[in-house]
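The following note sets out some points on the structure shown below.

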Amino acid sequence: MRSLLVLLLFIPSFCLGLTFKNGEQVGSYKGIGWPTIEKHGLDAGKDWSQSIDTEFSRLGESSHKFEFRALDCKDFDCERGKFKGSFGRTEAYINTKEKGENWYAWSFYIDDSKLTYTSDSNDELINNHTIQFGQMKLSYENEVFPHCRDNGSENVFIFQYKKKFKGLAFSRAHCTKKTVVETHETATVIPENILFNQWHDVIIHASWGNDGFLKLYINGDLKYVEEGFITNIYSYNGKSYGPSFRYGIYQNNAPKSFNGKITAWYDGIARAKKCTDKNFSELLNDLGYSCDSIADYDNQVIKPTFIQYKD
């Protein structure tokens, strides 16, 4: 069963549905329970930016590989920051509007061997070099709730790395329908000494909405729990909106001394209404977990304290 599942998920001839337009590869990398996965419009679009790696994966067949090199950027990203290339990305997104209760899973591997800076690097600038490895994001929230624009965020959560975080951090931010903007200080969920050059598995159980919950598991261990307000429920131009998933490599505030590259692989990207749904539960089994085995093992669950910024 595992070999058949992996075959259907990750062999490029089944999953990519590739077409070509003006010489550029377009199409999707398909996971479990997701519709078409697309290249983000601001992806740097280099020959090395995105590819299917048939020689390296978490599940034994192939993975979605991203490579970001210093100064890679496109269009609007190139205009941001203090110099061209301070902001940039190679990123994929799944254009859904998540709602209700769902389960999510994905695995990632980050190679930091070329995450280098010139010898005259400024430690303070390096500490503020942010690299993101996945997020849930809302669209048009700031159009519907203009008060959110200055102090709020359309990001539901972000996985990001900075030297000063000492690992991969999970950042939550939200703006309510009313006039209160709240945010949670970033919390490290994978320490730096074990973050790089090995596979990590993410499982999320979420109920999106004004009265929901968010549970984050890293490598089968419960790391974060939040209950209550998770996301706004709203419509824009007659369409309802909920969070959508993005993954890859996104950077901001890179110092000019950054002269290397970051490489990341993603595998086993999945979504289900219930953990026990057949394809999702089989994926967890392939990863070495089960719906019953994921739990709090180290008694170090983060429960956020929110800070009110504006009435």
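1. Among contacts in the protein between residues at least 6 apart in sequence, what percentage join residues at least 24 apart? In this model, which is predicted, the share is 69%. The contacts counted here are those between residues at least 6 apart in sequence.

2. The overall make-up may be stated next. The protein has 311 residues, and 54% of them count as buried. Its secondary structure consists of 8 helices and 20 strands.

3. Side chains of opposite charge can pair when their charged atoms come close. A search of the whole structure gives 14 salt bridges. The paragraphs that follow take up three of these pairs and a network.

4. Asp77 and Arg89 form a salt bridge through their side chains, with an N to O distance of 2.8 Å. This pair links distant parts of the chain: Asp77 belongs to helix α3 (residues 76–79) and Arg89 to strand β6 (residues 88–94), 12 residues apart. Both Asp77 and Arg89 are buried. They also take part in a network of salt bridges that links Asp77, Arg80, Arg89 and Glu91.

5. A salt bridge joins the side chains of Arg271 and Glu98, at 2.5 Å from N to O. Arg271 is in strand β19 (residues 261–272), whereas Glu98 is in the loop between β6 and β7 (100–111); the two residues are 173 apart, and the pair links distant parts of the chain. Glu98 counts as buried because its relative accessible area is 4%, the cut-off for burial being under 20%.

6. The side chains of Arg172 and Glu226 also meet in a salt bridge, at 2.8 Å from N to O. Here strand β10, which holds Arg172, is linked to strand β15 (residues 221–228), which holds Glu226; the residues are 54 apart. Are these two partners buried or exposed? Arg172 has 0% relative accessibility and therefore counts as buried. Glu226 has a relative accessible area of 2%, so this residue is buried as well.

7. Thr130 counts as buried because its relative accessibility is 3%. Which residues does Thr130 touch, not counting those up to four places away in sequence? They are Gln160, Tyr161 and Lys162, together with Tyr250, Gln251 and Asn252.

8. Rolling a probe the size of a water molecule over the atoms shows where empty space is left. The count comes to 1 cavity of 30 Å³ or more. The largest cavity holds about 40 Å³ of space.

9. How many residues line the largest cavity? There are 13, and those nearest its centre are Leu138, Glu141, Ala173, His174 and Ile230. Strands β9 (155–162) and β10 (167–175) are the elements that give two or more residues to this lining. The largest share, 4 residues, comes from β10. By class, the lining has 6 nonpolar, 5 polar and 2 charged residues.

Note on methods: Residues numbered from 1 in each chain as written. Predicted model: local features only at pLDDT ≥ 70, side-chain atom pairs only at ≥ 80, totals over all residues. Heavy atoms only, no water. 1 Å grid on protein atoms, 1.4 Å probe; cavity = no way out; pocket = protein on both sides within 12 Å on 5 of 7 lines; lining within 4 Å. Points joined across faces, edges and corners; volume = space filled by probe spheres on them. Nonpolar A, V, L, I, M, F, W, Y, C, P; charged D, E, K, R; others polar. Buried < 20%, exposed > 50% of the residue type's maximum accessible area, 1.4 Å probe, protein only. Contact = heavy atoms within 4.5 Å. Salt bridge = Lys/Arg side-chain N within 4 Å of Asp/Glu carboxyl O.
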